[in-house]
Amino acid sequence: MNYSFLGDAKTVAVVCNQWGDTGKGKIIDFLTPWADIVARGTGGANAGHTVCYGGKVFVSHLLPSSIFHDRDGKMSIIGSGVAFDPRQCIDELRIVHSGGCTSDHLRISRHSKLVLPQHILLDQLSGVQSGSDAIGTTGRGIGPAYADYYNRCSLFVGDLFHRDTFAKKLRLNLEEKIVRLRTYDRLLVKQICSQPRVGGEAYFHPESILDQETIVEEYTGSFANQLRDYVTDTREIMHSALGKKRILLEGAQGYLLSIDYGSYPYVTSSDCSIEGLAKGVGLSARNVDRTFGVVKAFYMTRVGKGAFPTEFGGSASDEHCARMNREKETEQYGGVTVNDPDPLRQGIAIRLQGDEYGATTGRPRRVGWLDLPLLRQSLRVNGNDIILTKLDVLDECDEIQICTAYRYAGEQFFFGRDTIKSGEIFQTVFPENSFLKSCEPIYQSFPGWLCPTNNAQTYGDLPSNMRAIIEFIERETGAVVRMVSVGPDREQTVIR
Ligand code: GDP
Ligand code: IMO
Ligand code: MG
């Protein structure tokens with residue numbers, strides 16, 4: 001593969017400019033042969049990154065997608081910004097090893113924040129308690145684990161190797177949580193505890209809710225032993241490598257899910273922009289020579305709750321997705337086409353065609369047209385270099401719509417000094433959920449290309465109707481499309 005398009009860049013980052021699941025895993029897998037080190041710095045097992053090669057499909061949650069290149073000497077790093085669940089890591093390593101891959105070059109930061117059983121328990125309990133107001137988290141304990149960090153009561157990977165410190169910190173960490181956990185229905189607590197990812201009932205205690213001794217025993221015993229050889233101060237590795245080795249940073253989630261820039265409160269709990277990613281591996285964003293923002297096109301997706309102005313079928317789609325799964329949808333809607341005149345059904349067809357079901361939870365991903373007002377926001381922080389993915393999914397679409405602006409359709413909205421009135425047009429808006437939900441998309445329509453694209457090798461091989469839309473997006477947003485992905489396999493990648 002020719003990586004000359006990276007020029008003399010030494011540190012390159014891949015982030016997502018949307019609500020996640022844009023194909024970061026595939027792009028990281030494609031770029032890993034170029035790199036010496038690949039590092040993750042945000043999120044945890046809420047991520048689901050898919051890598052396809054040689055007819056096989058792998059999904060990594062916590063491990064960097066580069067792990068499949070370990071045998072080639074590529075170092076994979078889990079940085080200090082990651083919410084690290086040791087049980088999940090050990091399970092993933094088992095899968096990687098059983099597939100014939102090695103993990104000799106994996107390094108885990110001793111400063112990564114530990115995800116513990118109480119975090120998963122609280123995450124899932126608050127999801128149940130919030131009912132229809134729930135954020136729709138992945139239930140992996142991410143929010144509660146980061147909340148502890150900011151509350152200054154986290155346990156870290158390094159604590160796994162100091163039994164007394166771990167036990168003391170765990171006791172302090174659990175003090176207030178146990179009081180809260182006692183207020184929930186005991187049967188529900190027991191049921192969540194019985195999930196294998198929370199320890200398969202081993203930690204449940206009818207009185208104290210969580211059996212601290214058993215947790216200490218397993219985490220500082222079996223887990224510590226299995227992870228010991230991987231744990232180190234990864235910030236040192238990154239700093240010594242900076243400017244000397246080729247470093248690739250693997251983003252998780254997406255800009256619109258960032259706690260700082262996204263559609264709060266329907267976001268994740270880390271900053272998944274380039275800034276959070278660089279910091280999460282122990283670097284600064286100014287150390288990054290090139291940042292690529294991945295953009296699913298010309299449709300986009302979202303899992304979980306929150307405003308989604310261009311969603312096919314609007315709120316009916318959101319409700320539909322909440323009660324569906326891949327099997328039911330395939331069975332009931334197998335015959336729908338991507339040109340169905342009913343937007344809800346058109347969305348279902350695109351979901352089926354693009355296999356848009358969560359790589360972590362299996363939930364149907366909500367589907368809508370590409371939204372340029374939101375893309376303009378992410379370019380402000382992640383920069384103008386973008387990678388378009390999944391273009392092949394729309395090969396049979398007669399007409400493509402691109403949202404170029406919004407018309408505000410809500411009540412008068414007092415920002416402070418400014419008042420926004422119904423009918424006002426916006427080229428971009430900060431994705432504040434309460435505002436975004438009253439924005440109506442204004443579309444520009446384009447003819448489809450109506451031919452297969454997944455064998456394209458060069459930009460010139462792509463149909464002219466597709467290139468016309470790509471170039472329209474560049475003119476409208478200032479983005480520069482550097483790569484185009486036309487299939488899940490690493491070979492199906494076009495460099496511009
Ligand atoms: P990530 O979280 O950003 O790594 O993305 P996911 O792995 O969650 O979801 C992307 C899905 O799209 C995966 O199933 C990939 O195999 C698949 N994929 C990636 N790029 C392409 C592409 O260009 N075309 C098609 N058809 N599928 C793709
Ligand atoms: P990758 O890296 C898509 C979403 C969840 C939910 C919200 C909060 O595969 O792109 P959390 O469990 O993080 O507290 O959930 O964020 N979410 C993702 N959506 N892709 C992801 O990761 C996501 N990680 C979290 O669906 O709406
Ligand atoms: Mg994903």
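Author: Buried means that a residue has under 20% relative accessible area, while exposed means over 50% and partly exposed lies in between, with a 1.4 Å probe and protein chains only. This is a predicted model, in which local features need pLDDT of at least 70 and side-chain atom pairs count only at pLDDT 80 or more, while totals for chains, interfaces and linings use all residues. Residues are numbered from 1 along each chain as its sequence is written, chains are lettered from A and ligands numbered from 1 in the order in which they are written, and side-chain values use heavy atoms, with hydrogens and water left out.

Reader: What percentage of the residues in the protein chain is buried?
Author: The protein chain has 496 residues, and its C-alpha atoms fill a box of roughly 65 × 50 × 50 Å, taken along the principal axes. Of those 496 residues, the buried share is 58%.

Reader: How many helices and strands are there in the protein chain?
Author: Helices (H or I, at least four residues) and strands (E, at least two) are DSSP runs, numbered from the N terminus. Counted in this way, the protein chain has 15 helices and 23 strands.

Reader: Of the contacts in the protein chain with a separation of 6 or more, what percentage joins residues 24 or more positions apart?
Author: A contact here means heavy atoms within 4.5 Å. Among the contacts with a separation of 6 or more, residues 24 or more positions apart account for 75%.

Reader: Is Thr389 buried or exposed?
Author: Thr389 is found in strand β16, which covers residues 385–389. Leaving aside neighbours within four places in sequence, Thr389 is in contact with Thr22, Ile27, Val294, Val295, Lys296, Ala297 and Ser485. Because the relative accessible area of Thr389 is 2%, this residue is buried.

Reader: Which elements cover the buried residues of α4?
Author: In helix α4 (residues 142–150), the residues Ile142, Pro144, Ala145, Tyr146 and Asp148 are buried. What covers these residues of α4 includes β6 (83–84), β8 (113–114), α3 and α5 (163–181).

Reader: With which residues is Asp148 in contact, leaving aside its neighbours within four places in sequence?
Author: Asp148 is found in helix α4, and Asp148 is buried because its relative accessible area is 5%. Once the neighbours within four places in sequence are set aside, the residues in contact with Asp148 are His119, Cys153, Ser154, Asn173 and Lys177.

Reader: Which residue just after α4 takes a positive phi?
Author: Following the chain just past helix α4, one comes to a residue with a positive phi of about 60°, and that residue is Arg152.

Reader: How many Å separate the C-alpha atoms of Val288 and Ser438?
Author: Val288 lies in the loop between α9 (274–280) and β13 (290–296), and Val288 is buried because its relative accessible area is 11%. Leaving aside neighbours within four places in sequence, Val288 is in contact with Thr11, Val12, Ala13, Leu249, Ile274 and Ala278. Val288 and Ser438 are 150 residues apart along the chain, and their C-alpha atoms are separated by 36 Å.

Reader: How far apart in space are Pro309 and Ala9, C-alpha to C-alpha?
Author: Pro309 is found in the loop between β14 (299–302) and α10 (314–322), and at 16% relative accessibility Pro309 counts as buried. Its contacts, leaving aside neighbours within four places in sequence, are with Asp371, Tyr406, Leu436, Cys439 and Pro441. Pro309 and Ala9 are 300 residues apart in sequence, and in space, C-alpha to C-alpha, they are apart by 37 Å.
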